[in-house]
Amino acid sequence: PDQRDRLIKFAGLPPVDVTVEIYNLVGERIRTLTKDKPEDSEVHWDVLTENGLPPASGVYIYRILSPGLSPKTGKLALFIDRERLRQF
């Protein structure tokens, strides 16, 4: 990838199935990521919504869900350098 490629890694995940949900501050889920291989410890987000659009700069909430474990919730801030749409 080059410097303009966007990628966020959720690392250090447990060796079980994991779902990462990303929400905007209004509470709308904008993306769901899954890890279904126990040997993987990361989930990668290409910083696009479910519709393939880049999210706006701002604060987002993530939830990491895994069977048998307590959910982990956190915040992340995105600073998008260029607000460009590939599609409408």
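# A tour from the β5-β6 hairpin

Start with β5 and β6, which form a hairpin with 6 residues between them. In the turn, select glycine 68; its phi is positive, about 80°. This is a predicted model, in which local features need pLDDT of at least 70, side-chain atom pairs count only at pLDDT 80 or more, and totals for chains, interfaces and linings use all residues. Residues are numbered from 1 along each chain as its sequence is written, and side-chain values use heavy atoms, with hydrogens and water left out.

**The hairpin strands**

Color β5 (residues 58-65) and β6 (residues 72-78). Strands here are DSSP runs of E, at least two residues long, numbered from the N terminus; helices are runs of H or I, at least four residues. β5 and β6 pair in the antiparallel sense over 7 bridges. Two strands count as paired if DSSP finds at least two bridges between them. Select tyrosine 60: it stands opposite leucine 76 in β6. Then take arginine 63, which faces threonine 73 in β6.

**The sheet**

Now show the open sheet: 4 strands in the order β3-β2-β5-β6, with antiparallel pairing. β3 (29-35) and β6 stand at the edges with a single partner strand each, so one side of each has no neighbour in the sheet. From one strand to the next, the twist averages 20°. For such angles, axes are lines fitted to C-alpha atoms (for helices over the stretch in contact), and the angles run from 0 to 180 degrees between N-to-C directions.

Move to β2 (residues 18-23), which is joined to β5 by 5 bridges and runs antiparallel to it. Here glutamate 21 stands opposite arginine 63 in β5.

**Two salt bridges**

How many salt bridges does a search of the whole structure find? The search gives 2. A salt bridge is a side-chain nitrogen of Lys or Arg within 4 Å of a carboxyl oxygen of Asp or Glu.

Glutamate 21 is buried at 11% relative accessible area, while arginine 29 is partly exposed at 49%. Buried means under 20% relative accessible area, exposed over 50%, and partly exposed in between (1.4 Å probe, protein chains only).

Next, pick arginine 31 and aspartate 46. Their side chains meet in a salt bridge at 2.7 Å, N to O. Arginine 31 lies in β3 and aspartate 46 in the loop between β4 (42-45) and β5, so the pair ties together parts 15 residues apart in sequence. Arginine 31 is buried, at 16%; aspartate 46 is partly exposed, at 33%.

Stay in the loop between β4 and β5 and select valine 47. Its phi is near 60°, a positive value in a residue other than glycine. Valine 47 is buried, with a relative accessible area of 4%.

**A buried lysine**

Go back to β3 and select lysine 35.

Show backbone oxygens next. That of valine 16 lies 2.8 Å from a polar atom of the lysine 35 side chain. The lysine 35 side chain also reaches the backbone oxygen of lysine 37 at 3.3 Å.

**An aromatic pair**

Finish with the rings. Rings of Phe, Tyr and Trp (its six-membered ring) pair if their centres lie within 6.5 Å; planes under 30 degrees apart are stacked, over 60 edge-to-face, and the rest tilted. By this rule there is 1 aromatic pair. Select phenylalanine 10 and tyrosine 62: their ring centres are 5.3 Å apart and their planes at 65°, so the pair is edge-to-face. Phenylalanine 10 lies in β1 (residues 8-11) and tyrosine 62 in β5, so the pair ties together parts 52 residues apart in sequence. Both phenylalanine 10 and tyrosine 62 are buried.

Note on methods:
Polar contact = N/O pair within 3.5 Å; in protein donor to acceptor, adjacent residues only side chain to side chain.
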